[in-house]
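Reader: I have a new structure to look at and I'd like to learn how to read it. Could you walk me through some features?

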Amino acid sequence: MSMEYKNVLERLREEREKKAWTQKDISQHICMGQAQYCKIEKGTQNFSYDEVKALTNLEIDVHYIFTGQRSKGCFAEKNEKVNYTKAISLLEMIFAVIKYYYTWEPSVYWEKLYQEIKFVRFLDADQDYNNNLFYMIRCIEHYTQKEMAGYLGVDVKKLRRLENGQCLPDSELLWRFYNEFRVPPSIIIKDKKGILCEAGWLLEKVDSKTGKNSLAMMNPHYVISE
């Protein structure tokens, strides 16, 4: 386990304690044994793909746990009825806005935001991309399977299985994919709530820099947080 992944586990513990849950409480919520959950917080075991999905059904900020990005939350809460397809289309609109500023007003600030959202170029709300994002990004970056496997901390055989949809990433691999390529776990596991948290965080960053209500200009159908 990398030192940086420990930050994910610290945020997991932070979110659990914020809800005043014991390890037994949260393990029961996601249908796993307390001893198994204890190993996860210690870093000796990882959540499975399905267990990460189970976490997204709880009232904790899974997007923050994996990325360290915490939005004010108003946007996600007021748009919880927005469906998954519309959540992806919202990210596409935000990407267009950030790309515009990054192109016309280049700065370290806009470059950082652009790096955080450029993964949207690979998405299509109607496409089942989960099984090939690993492959798509490897091709875009012109990496060999050996090079890509090294970045993700897996062997080539496992990478091949990931690219072919024959296995699913666990929690540490989801984090590594975000850490290396800025694709948040919410995209891989199709977590609408996490996608809206990502959108809210990005909008807050854009609006704080421009002094404008970007979402109101992009699309009046979305609820604007006050």
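Reader: Which side chains meet in a salt bridge at 2.7 Å, N to O?

Author: First, the ground rules: this is a predicted model, where local features need pLDDT of at least 70 and side-chain atom pairs count only at pLDDT 80 or more, while totals for chains, interfaces and linings use all residues. Residues are numbered from 1 along each chain as its sequence is written, and side-chain values use heavy atoms, with hydrogens and water left out.

Author: A salt bridge is a side-chain nitrogen of Lys or Arg within 4 Å of a carboxyl oxygen of Asp or Glu. Here Glu116 and Arg182 make one, at 2.7 Å. The two sit 66 residues apart: Glu116 is in helix H8 (residues 108-117), and Arg182 is in the loop between helix H12 (171-181) and helix H13 (185-188). Helices are DSSP runs of H or I with at least four residues, numbered from the N terminus.

Reader: Is Glu116 buried or exposed?

Author: Buried means under 20% relative accessible area, exposed means over 50%, and partly exposed is in between (1.4 Å probe, protein chains only). Glu116 has 7%, so it is buried, while Arg182, with 22%, is partly exposed.

Reader: How many salt bridges are there by this rule?

Author: The count comes to 7. Another one pairs Arg70 with Glu15, their closest N and O atoms being 2.9 Å apart. Arg70 lies in the loop between helix H5 (62-67) and helix H6 (74-78), and Glu15 lies in helix H1 (residues 5-18), so this pair ties together parts that are 55 residues apart in sequence. Glu15 counts as buried at 3% relative accessibility. Shared partners join Glu14, Glu15, Asp61 and Arg70 into one salt-bridge network.

Reader: Which residues have the most contacts inside the largest nonpolar core?

Author: Such a core is a set of buried Ala, Val, Leu, Ile, Met, Phe, Trp, Tyr and Cys residues joined through side-chain atoms within 4.5 Å. The largest one here has 64 residues, and those with the most contacts inside it are Phe47, Leu152, Phe177, Val183 and Ile187. Helix H7 gives the most to this core, with 10 residues.
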